[in-house]
Amino acid sequence: MADSRSPTPEPSAKRPRTSSNVVVERPPPTARQQARQDAGDRAQAEAKEAVRAAAIGGGGCTAHALVNLAVFKDVRTAKRKLNARIDQVHRKRVKETGNEEYPHELVGIEDDVWCHEVVKLGVTKAGFHFKKVRLDDDGGIDLGGEKWTLARVLEEGCSSEVGGFLLDGVLNKVWYYDGKRMENDGEDPTDPVSNEAAWRHAVAVVDGEIREQLGQAFPLRCLWLGRGNQPDTRRGYMRKLLKVYHVTRCLAPAGSKCTGECYSE
Ligand SMILES: [Zn+2]
């Protein structure tokens, strides 16, 4: 069918001209180019790792937790309010560090993760306080001269009228609820030991209960908190606790410019 061929197109200026029809292959990268590429990949991987480390939770769970803490009315609003603070905090970081190229994702990734400062700002603007619970090395929390364990603080230190706690850490895969074996994310083939970043999780504690997405609630004993205020890794609902925040409603009169810590708790 040689005759039906379309007319030979005019040679394009962009087409590489070779003396034969041999396909021109791109030359392999030089050692220096390859090294630069590798360094770029490494930097990108490290940046992603840093994002996860600096952020609270993962996969939007912080938004769900803040709804369970009654800070926001629904998840959509929570995400929108948190997303809206990313640029503001990013501008601040650029100014502080003098680095015009400060990675945006270190501050937050829309609908997914937000750094501590973004969450604090969003929570404060919603009329709440956001305060880190300081865990001492000797496994206690100093409450005006008296040492309380985290378990006791969580049990007694929250009420739905005032607020509750935001637990940030690593979700466990297998956990135990009164002798019953439970499994989180049964469809995820990975596990929190080998793939900790994917199992980062934030959850609310209100009225002595772990409050999860979709209205699920479990008693605090499912955390199996023990030595060093950390969960028993073989039984706990969470495998690891990284940070705990006390989230309480601001009681200052309306109109006062609360920065998140306007009265002593
Ligand atoms: Zn306040």
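Student: What share of the contacts with a separation of 6 or more in the protein chain comes from residues 24 or more positions apart?
Tutor: The model is predicted. Its protein chain has 5 helices and 13 strands. Among contacts with a separation of 6 or more, residues 24 or more positions apart account for 61%.

Student: What percentage of the residues of the protein chain count as buried?
Tutor: A residue is buried if 20 or more other C-beta atoms lie within 10 Å of its own. The protein chain has 265 residues, and the buried percentage is 31%.

Student: How many residues of strand β10 are buried?
Tutor: Strand β10 covers residues 200-206 and is mostly covered. Arg200, Ala202, Ala204 and Val206 point one way, His201, Val203 and Val205 the other way, and all are buried. The count for β10 is therefore 7 of 7 under the cut-off of 20 or more other C-beta atoms within 10 Å.

Student: Which residue stands opposite Ala202 of β10?
Tutor: Strand β7, residues 163-171, pairs with β10 in the antiparallel sense over 6 bridges. Ala202 is one of the buried residues of β10. The residue opposite Ala202 is Asp168.

Student: In the hairpin of β10 and β11, which residue takes a positive phi?
Tutor: β10 pairs with strand β11, residues 209-211, in the antiparallel sense over 3 bridges. Within this pairing Ala204 stands opposite Arg211. The hairpin has 2 residues between the strands, and the positive phi, near 50 degrees, belongs to Asp207.

Student: Which residue in β9 is the bridge partner of Trp175?
Tutor: Strand β8 (residues 174-177) and strand β9 (residues 180-183) pair in the antiparallel sense over 4 bridges. They form a hairpin with 2 residues between them, where Asp178 in the turn has a positive phi of about 50 degrees. The partner of Trp175 in β9 is Met182.

Student: Is the crossing of α3 and α4 left-handed or right-handed?
Tutor: Helix α3 spans residues 75-97 and helix α4 residues 116-125; they pack at about 120 degrees, with their axes 9 Å apart. That angle makes α3 oblique to α4. The crossing is right-handed.

Student: How many nonpolar residues are in the contact of α3 with α4?
Tutor: From α3, the residues are Lys81, Leu82, Arg85, Ile86 and Val89, which meet Glu117, Val118, Val119, Leu121 and Gly122 in α4. By class, the contact has 3 charged residues and 1 polar residue, and the nonpolar count is 6.

Terms used
Residues are numbered from 1 along each chain as its sequence is written. This is a predicted model: local features need pLDDT of at least 70, side-chain atom pairs count only at pLDDT 80 or more; totals for chains, interfaces and linings use all residues. Axes are lines fitted to C-alpha atoms, for helices over the stretch in contact, and angles run from 0 to 180 degrees between N-to-C directions. Angles under 35 degrees count as roughly parallel, over 145 as roughly antiparallel, 65 to 115 as roughly perpendicular and the rest as oblique. A crossing is left-handed if the near helix is turned anticlockwise from the far one by less than a right angle, and right-handed if clockwise. Two residues are in contact if their C-beta atoms, placed from the backbone, lie within 7 Å. Ala, Val, Leu, Ile, Met, Phe, Trp, Tyr, Cys and Pro count as nonpolar, Asp, Glu, Lys and Arg as charged, and the others, Gly among them, as polar. Two strands pair if DSSP finds at least two bridges between them. A residue is buried if 20 or more other C-beta atoms lie within 10 Å of its own, exposed if 12 or fewer, and partly exposed in between; C-beta atoms are placed from the backbone.
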